[in-house]
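Student: Could we go through the aromatic rings in this one together? I'd like to take it slowly.
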Amino acid sequence: MNQPGFMVSLVAGGVAGASVDLILFPLDTIKTRLQSPQGFKKAGGFRGIYAGVPSTAIGSFPNAAAFFLTYEYVKWFLHIDTSSYWMPMKHMLAASAGEVVACLIRVPSEVVKQRAQVSASARTFHIFSNILYEEGIQGLYRGYKSTVLREIPFSLVQFPLWEYLKALWSWRQDHVVDSWQSAVCGAFAGRVQHRRWERDLCLARGLEVTGADRVIRRCHPPNGSHQPGRVHLSGCL
C-alpha cells in the first residue's frame, strides 16, 4: 500500500471511531453504572450521562486511527496474494497487532472515562491527576491485559469475516463494494462475534478499571457462604 493509502486509513479510522464513541457514549455510561458494585442509582443513575466524555473525545480519534493504521500496515507488510488460503491468517495477525497498539491509547482513556462515569460529580481532569498521584502511570493501564484478551478474540473472528464478505460481495457484483456495503458487512461480522462470554470479560474489565475488584476482594460472603462463579456484593465492607 502506498503512503496516501495509509493516510486515508488513519483519518477515516479516526473519524469513524470518534463518531461512534461519542454517539453511543450515553449508553456506555449506563452500562458502566449498571456494572458498578455500588449500584446504578448511587453511581449516578441517569444523571450526568456525559460524565467522562472529554476523555473519550481526546482518546477516540488516535485510538481508532492507530488501530486501522497498524491493521493496514501489517496487511501490506505480509505481502500475501489475494488468492492465497493464508489470507484469513493475514487478517487475523493484522487485527491482533492493531488491537495491541490501539489499547496503548484506549486503556488510559477508558480508565479515566469509566471512573468519571461512576463519579459524575468529579471532573475528568481531577480524576486523571488523582490516578497519576495515587497509582502512578500504571494506574492508567489498569485492565490493559483483560482489554487485550477481550479484544483480540473478537478481532480474530470479525475482521477476517468482514474482509471475506467484502471480497464475496465484490466478486458477485463485479466491482469493489461501496461504503454502505462495507458497513453492512462490518455490522454482520460484528454481530456474529458477540457472544455471552464478551459480557463476562467486559464486566471483569470494568470492575478492574474502576477499582471495584479491590473492593470485591475485601468482601465477606453473606452467612459465610459463597456460591461458585458468583460475586456477592452485599457483604462488602
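Student: Which helix do Tyr 73 and Phe 77 lie in, and how many residues apart are they?
Tutor: Keeping in mind that this is a predicted model, Tyr 73 and Phe 77 both lie in helix H3, and they are four residues apart, which is about one turn of the helix.

Student: OK, and how many aromatic pairs does a search of the whole structure find?
Tutor: The search finds twelve aromatic pairs.

Student: Are Phe 67 and Phe 159 buried or exposed?
Tutor: Phe 67 is buried, with a relative accessible area of 4%, and Phe 159 is buried too, at 9%.

Student: Back to Tyr 73 and Phe 77: why is that pair stacked?
Tutor: Their ring centres are 6.1 Å apart and their planes are at 20°, so the pair counts as stacked. Tyr 73 itself is partly exposed, at 40% relative accessibility.

Student: Which residues do ring pairs link into a cluster?
Tutor: The cluster is made of Phe 67, Phe 68, Tyr 71, Phe 159 and Trp 162.

Student: And what sits over the ring of Trp 162?
Tutor: That is the charged end of Lys 166, which lies 3.7 Å from the centre of the Trp 162 ring.

Definitions and conventions. Residues are numbered from 1 along each chain as its sequence is written. This is a predicted model: local features need pLDDT of at least 70, side-chain atom pairs count only at pLDDT 80 or more; totals for chains, interfaces and linings use all residues. Side-chain values use heavy atoms; hydrogens and water are left out. Rings of Phe, Tyr and Trp (its six-membered ring) pair if their centres lie within 6.5 Å; planes under 30 degrees apart count as stacked, over 60 as edge-to-face and the rest as tilted. Buried means under 20% relative accessible area, exposed over 50%, partly exposed in between (1.4 Å probe, protein chains only). Helices (H or I, at least four residues) and strands (E, at least two) are DSSP runs, numbered from the N terminus. A charge sits over a ring if NZ of Lys or CZ of Arg is within 6 Å of the ring centre and within 35 degrees of the ring normal.
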